[in-house]
Amino acid sequence: MTTPPPALPTQLLDPGARPPVRSRAGDAAYDLAALDDVVIAAGSRTVVGTGVAVAIPDGWCGLIVPRSGLAARDGVVPVLGLI
């Protein structure tokens with residue numbers, strides 16, 4: 001038996017921020033959107049804000065991982081993160 005995920009309380013910290021969303025029913029993860037358009041030169045790094053605060057429930061974690069489409073199509077590979 002699978003335990004359903006808990007609610008994901010969020011707070012938008014900026015008027016331009018978009019809440020995390022699941023693109024399709026049954027998705028295992030939420031998509032985060034960048035707060036600003038950013039151009040990152042090849043081989044360089046930058047911090048990209050989301051303008052979103054997320055309250056991860058006790059006993060759960062948040063992972064920042066690349067989406068396969070972005071990595072394959074655009075070469076965008078975020079630094080993996082654990083929240």
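Which side chain is joined to that of Ser23 by a polar contact of 2.4 Å? Hold that thought, everyone, and welcome.

First, some ground rules. What you see is a predicted model, in which local features need pLDDT of at least 70, side-chain atom pairs count only at pLDDT 80 or more, and totals for chains, interfaces and linings use all residues. Residues are numbered from 1 along each chain as its sequence is written, and side-chain values use heavy atoms, with hydrogens and water left out.

Let's start with the fold. The chain has four strands and one helix, arranged along the sequence as β-β-β-α-β. Helices here are DSSP runs of H or I with at least four residues, strands are runs of E with at least two, and both are numbered from the N terminus.

How confident is the predictor? That is what pLDDT tells us, residue by residue, from 0 to 100. The chain's average is 81, and 77% of the residues score at least 70. Among the elements, strand 1 has the highest mean, 95, while helix 1 (residues 68-74) has the lowest, 65.

Now the surface. Of the 83 residues, 7% count as buried; buried means under 20% relative accessible area, exposed means over 50%, and partly exposed lies in between (1.4 Å probe, protein chains only). The chain exposes about 6800 Å², with carbon and sulfur atoms supplying 58% of that. These areas come from the Shrake-Rupley method with a 1.4 Å probe, and for residues only the protein chains shown count as cover.

Next, please find the loop between strand 1 (10-12) and strand 2 (52-54), which is where Val38 sits. Val38, at 43%, is partly exposed. Along the chain, Asp37 and Val48 are eleven residues apart, and their C-alpha atoms are separated by 8.9 Å.

Back to my opening question. Ser23 is also in the loop between strand 1 and strand 2, and Ser23 counts as partly exposed because its relative accessibility is 44%. The partner is Asp31: the two side chains are joined by that polar contact of 2.4 Å. A polar contact is a pair of N or O atoms within 3.5 Å; within protein, one must be able to donate a hydrogen and the other to accept it, and residues adjacent in sequence count only if both atoms are side-chain atoms.

Key
pLDDT = per-residue confidence, 0-100.
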